[in-house]
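Have the sequence and the model open beside you.

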Amino acid sequence: MIQVKGLIRAVSPPALHEIYRLPAPFIGDGTNYIDTGVKLMEYASSDFTLLMRADRVLSLDGDRVFISCFSEELPYRGLLVRNDWATTTAQISVLLGQNWSSQFSVATPSFTVAIRKGGQLCDVFIDGARLGNQVYVDWGNSYANSLLIGAQWDASNQIFRRSQTTVRGLAVFDAPLTDDALQAQLAIL
């Protein structure tokens, strides 16, 4: 609320600015990938919200990268979501910045991941539930490569780890969404 000369007026939150939405599901076959053109880490100080819906991978064949804007050049930095190993559940890893990673198990056929970055603080949501507390992430130096679906950049800025993963939906916003906006966007992803 803002008070101006005795008047009280409700202030609307800033409009959501979507900078990328996957137009159709991505089905990785180990040779294809999508370069979104979104440079999440071009400025380490940039805020964003990333939402992804994907299918778990139960096979250990091939690479299993869902999304990546991650530098394999030392020091490692950026964002990476991949399927590490599988048995009857999939073990998914989320790596952020230079200092934070988490693994979680997925037993359902599909799952969602939401990453909300505001300054140096991040929230990670798995299937709509916050994964622990908000975490401080050291993003390190800027990283100019773009967000990839189904592959990863190597240390020489070449595409590698083309994966056999399925990403059903992906949306990126240029601001940290509120909890309600995040949940609403996950519901339509």
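The exercises below go from model confidence to salt bridges.

This is a predicted model, in which local features need pLDDT of at least 70, side-chain atom pairs count only at pLDDT 80 or more, and totals for chains, interfaces and linings use all residues. Residues are numbered from 1 along each chain as its sequence is written, and side-chain values use heavy atoms, with hydrogens and water left out.

**Exercise 1.** Find where confidence is lowest and where it is highest.

*Solution.* Start with the average pLDDT (the predictor's confidence in each residue, from 0 to 100), which is 83 for the protein. Next, go to strand 1 (residues 2-4), where the mean is lowest at 44. Finally, turn to strand 5 (residues 34-35), the highest at 97. Strands here (E, at least two residues) and helices (H or I, at least four) are DSSP runs, numbered from the N terminus.

**Exercise 2.** Work out which residue forms a salt bridge with Arg 168, and whether each partner is buried or partly exposed.

*Solution.* Look for a side-chain nitrogen of Lys or Arg within 4 Å of a carboxyl oxygen of Asp or Glu. Arg 168 pairs with Asp 55, with the closest N and O atoms 2.7 Å apart. The two sit 113 residues apart, in strand 18 (residues 166-173) and strand 6 (residues 48-55) respectively. Now check accessibility (buried is under 20% relative accessible area, exposed over 50%, partly exposed in between; 1.4 Å probe, protein chains only). Arg 168 is partly exposed at 40%, whereas Asp 55 is buried at 17%.

**Exercise 3.** Trace the salt-bridge network that includes Asp 179.

*Solution.* Begin at Asp 179, whose side chain meets that of Arg 130 at 3.2 Å, N to O.
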